[in-house]
Amino acid sequence: MWESETDYRLVQGQHKARGVYFIGDESKGDFEEMFRMLTKQPPQPQQQQQQANHGIQSTSLVTQGRRVHIPRASVEYGVARFTFDELCRTASGAADYLTIGEHFHTIFIEDIPKLTMTHVNLVRRFIIFIDAMYECHVKLIVHAATKPEGIFQVDLDDRFNDEVFAFDRTRSRLEEMGSEAYLRKTK
């Protein structure tokens, strides 16, 4: 399941892997292309892409007696795809995320917004998700509104909250997960 014909180390430069972190609307096409490449989808015009996703389908996994919905997956190639909302605006927890990480070696997550303390529950779920993916040594392909250090924005009044310290670890893990050394490791 872990084997991939794509050598992530060659996708970009020396220490950061190119094609694992996409920022802003202008990079959405590159994010889509990376998904097509890793799931062996034929290149096609945008309007046809919605209708013909060869081998991409929804599926579900079971953990602790309940189903974990995977909205888009290529089980054959070990790749799953989620929006931020599908992962963090649902009643999901560590067991769900670990189950996902145990079944897929590459996870695409898109539309990660900028978050503040008013989104504290989303921040907590995102932290738990990243921790689970890191623990399972998943290769994460991210499309976000900003770089990792800008995802969680806090003001001076919030800087001592537990989530701020926990998210600093998450930011660090996101950066490490995009490194050549991390991507070179095998599960």
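**Close-up views of a predicted model**

**View 1. The buried residues of helix 7 in this predicted model.** In helix 7, the residues that count as buried are Glu163, Val164, Ala166, Phe167, Thr170, Leu174 and Met177, where buried stands for under 20% relative accessible area, exposed for over 50% and partly exposed for values in between (1.4 Å probe, protein chains only). Because these residues cover an arc of only 160° around the axis, they lie on the same side of helix 7; the arc is that of the directions from the helix axis to the C-beta atoms. An α-helix has 3.6 residues a turn, so residues three or four places apart point the same way. The cover over the buried residues includes helix 5 (120–135), strand 6 (139–144), helix 6 (148–151) and helix 8 (180–184), with contact taken as heavy atoms within 4.5 Å. Helix 7 itself (residues 162–177) has 16 residues and reaches 23 Å from its first C-alpha to its last, close to the 22 Å expected at 1.5 Å a residue, the expected span being 1.5 Å times one less than the number of residues.

**View 2. The hairpin of strand 2 and strand 3.** Strand 2 (residues 57–63) and strand 3 (residues 66–74) pair in the antiparallel sense over six bridges, pairing being assigned if DSSP finds at least two bridges between two strands. Thr59 stands opposite Ile70 of strand 3. Two residues lie between the strands of this hairpin, in which Gln64 takes a positive phi near 50°.

**View 3. Ser74 and the hairpin of strand 3 and strand 4.** Strand 3 and strand 4 (residues 79–83) run antiparallel and are joined by three bridges, and Ser74, which lies in strand 3, has Val79 in strand 4 as its bridge partner. Four residues separate the two strands of the hairpin, and Gly78 in the turn has a positive phi of about 70°. Ser74 counts as buried because its relative accessibility is 3%; leaving aside neighbours within four places in sequence, Ser74 is in contact with Thr39, Gly55, Ile56 and Val79.

**View 4. The protein chain as a whole.** The chain comprises eight helices and six strands, which are DSSP runs numbered from the N terminus (helices H or I, at least four residues; strands E, at least two). Of its 187 residues, 48% count as buried.

**Notes.** Residues are numbered from 1 along each chain as its sequence is written. In this predicted model, local features need pLDDT of at least 70 and side-chain atom pairs count only at pLDDT 80 or more, whereas totals for chains, interfaces and linings use all residues, and side-chain values use heavy atoms, with hydrogens and water left out.
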